[in-house]
Amino acid sequence: MKVKYLNLPAQFDVEAILGDIREELKSCRFILGPQVQEFESAFAKLCKTSYALGLNSGTDALFLAIKTVDIGPGDEVITVPNSFIATAAVIAAAGAKPVFVDVDEEYNMDANLIERSITPRTKAILPVHLTGNPADMPEIMAIAKKYKLFVIEDACQSVGATIDNKPTGSFGDFGCFSLHPLKNLNVWGDGGVITTNSKEFYEKLILLRNHGLKNRNEVEFLAFNSRLDTIQAIVANHVMKKLDSVTEKRIENARKYDERLAGISEFVSTPTKKKNVKHVFHVYVIRAKKRDELAGFLEKNGIETKIHYPIPIHLQKGCRYLGYKFGDFPVCEAQSKEILSLPVHQLLTDNEINYVVEKIKEFYGKK
Amino acid sequence: MGKNVKMKVEYSYLKQQFAHSEPILKAMKDQLKRCQFTFGPEMIEFEKKFGKLIGTKYAVGVGTGTDALFLPMKALGIGPGDEVISAPNSFIATTGAIVATGARPVYVDVLDDFTVNPDLIEAAITKRTKAILPVHYTGAPADMPKIMKMAKKYNLPVIEDACQSISASINGKMVGTFGVAGGFSLHPLKNLNVWGDGGVTVTNSAQMRDKLLLLRNHGLHGRDEVEIFGYNSRLDTIQAIVGNYLIKQANWITNQRIKNANKLDKALSELSDYITLPTRKKGFRHVYHLYMFYAKKRDQLLSYLLKNGIDAKVHYPIPLHLQEAAHYLGYKKGDFPVTEAQCKSIITLPVHQHLTDSQVNYMLDKIKAFYKK
């Protein structure tokens, strides 16, 4: 049996989407066409925020959030070392310094470690809802309030995730989302969205994404070009309609893994989450003994797995100048050696899940 | 043509251009069987074709024309404390890209063909100057031989803003091939366009190319290793599909625009009491992304043309150094007298490849009627 990590070609209503693109060719509003606004409204509603703006990528959503609050050289932003590199890169791109704090057993920012990392130069906290599991936002917001820091949520993996029914992306000053092809809500290329409840930030973001142009001829401040393509918004509007079922299916698949892997807990631990949260399982991560051998065994048996990520950000070559070393973030470092992401996508069948579970058990001699 | 005939001459030709797009949609449908949305084979194919069209060893697909300028500057390590010499009459993105690196734009005034005056560059060079960024504005090549000579003298890299000038050349040598890198835009309104934002940086330097490949994709070396902190600026595969379809027409598009411009030039040169054409330099192939000239009573002419259904425009009424956004640079009115004077009399006519002869004649009739009434 073959179990792919994702099955994108089976995911899209290709004819319907191409039909809408064909229709748009009658007006050719390729830049910030009405479908972008339609998507933005639907997305803001989903996130229960006042505003949402379509951008070129999830990376840009984070970067423009940082630029909106004028974070730059000399400033520090607190984040985690176990995310995708873009989380830290946007901080560096703004000229600021990423300051890492270690993570908890759920792969999210350990809120207990934040305060000791705050300095007079700290301007913001940038928690990541990694794997689709919300970070401890109530705690993080309380700290941010105490120290008057901005909060920029990296919700690139967590569209639809909630804490007590409050969506990720609606807690902080900004929520930053990715529409990258591998995400739960995806388009046919790069795309991103930023959410905010602040009218002031929203208005600034409108300029930041479009060269700082107030109108065709007047430039209020020098800015960037980061717009969600109209044709990608057309794709997003289609996928959006199915998002609830995508999320439910991923949650259901995760639950099946949880149950079926429970018997081998001495070798494999399944993801934990807090009671009041909705984890949307962008990634289903297990901790596995002999991880690399297991991954090799699964691959040999036609099962595609991934590691998110084998090298923590603070140990990357690109990060050397920050002066971190091995041992600085022991939890994150230990996790990076044991984590393994199993296929959890919405088109996975019950048979496929059984097959993956069976092969994992077989590997540990527990069949 | 009768005096009272009313016609529409639209500036945008996209609806005509994409009226028969089934082959593009079919290629997209084919790609959807594979879903290689990021760096798919069509993107690689487009890069190869683009490099071939321009005549550089490498072409790197990026997110936008803005990024096509920003990324090579980052590759050169340009940043805070540095200065980059450019022109004050471009689209704002030229300056935006410089400022995004943290560097300071230093303007020099332009010639009557809207490109940077090479004789003024030397005076603007300081110890902090790190690059020259000439703009092939309107599709007219800047005077690259002179600019390259100056750059060589001071050992400065040149990044060409070729966003408006695909296929423009000087004595057969394409713009984008003179400097260490050339940035092109594939924005829907450009001569070679896609269905959204897109850009390309061309270079003959393997070192520049390698750096650009890292910078456009998060600094990733393989899936798991990060060599440098980078950005996310990629040309979408599905936009490359559009690009691959249109690049076959690039020569036709360019020739049509040149043909239309020559026709306009010929007729407008007879109105020299009212209209001045920019110098058309010998050996310089202008590709007419914008057909601009100088007009007496410009504002009245503009509204007269608009009233008569002709989408004339002004690119742009306010120069960069006088924008609110540029206040912090400390420039003031009078600093760039040529640019400032041009802003008051420039006007842009539609010149696109889908214009008909009767539309060209109609525009000329209306301009004549305006000045002769």
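Questions about a buried arginine and a helix

Visitor: What covers the buried residues of H10(A)?

Guide: The cover includes helix H7 (230–261), strand E10 (268–269), strand E12 (284–288), helix H8 (291–300) and strand E13 (339–342) of chain A, where helices (H or I, at least four residues) and strands (E, at least two) are DSSP runs, numbered from the N terminus. This is a predicted model, in which local features need pLDDT of at least 70, side-chain atom pairs count only at pLDDT 80 or more, and totals for chains, interfaces and linings use all residues. Residues are numbered from 1 along each chain as its sequence is written, and side-chain values use heavy atoms, with hydrogens and water left out.

Visitor: Why is B:Arg216 called buried?

Guide: Buried means under 20% relative accessible area, exposed over 50%, and partly exposed in between (1.4 Å probe, protein chains only); B:Arg216 has a relative accessible area of 6%, and therefore it is called buried.

Visitor: What makes the pairing of the side chains of B:Arg216 and B:Glu47 a polar contact?

Guide: A polar contact is a pair of N or O atoms within 3.5 Å; within protein, one must be able to donate a hydrogen and the other to accept it, and residues adjacent in sequence count only if both atoms are side-chain atoms. The two side chains make such a contact at 2.8 Å, and the side chain of B:Arg216 also reaches the backbone oxygen of B:Gly61 at 2.8 Å.

Visitor: Where is B:Arg216 placed in chain B?

Guide: B:Arg216 is in the loop between helix H8 (206–215) and strand E10 (220–221) of chain B, and its C-alpha atom is separated by 4.7 Å from that of B:Ser233, 17 residues apart along the chain.

Key:
Chains are lettered from A and ligands numbered from 1 in the order in which they are written. Contact means heavy atoms within 4.5 Å.
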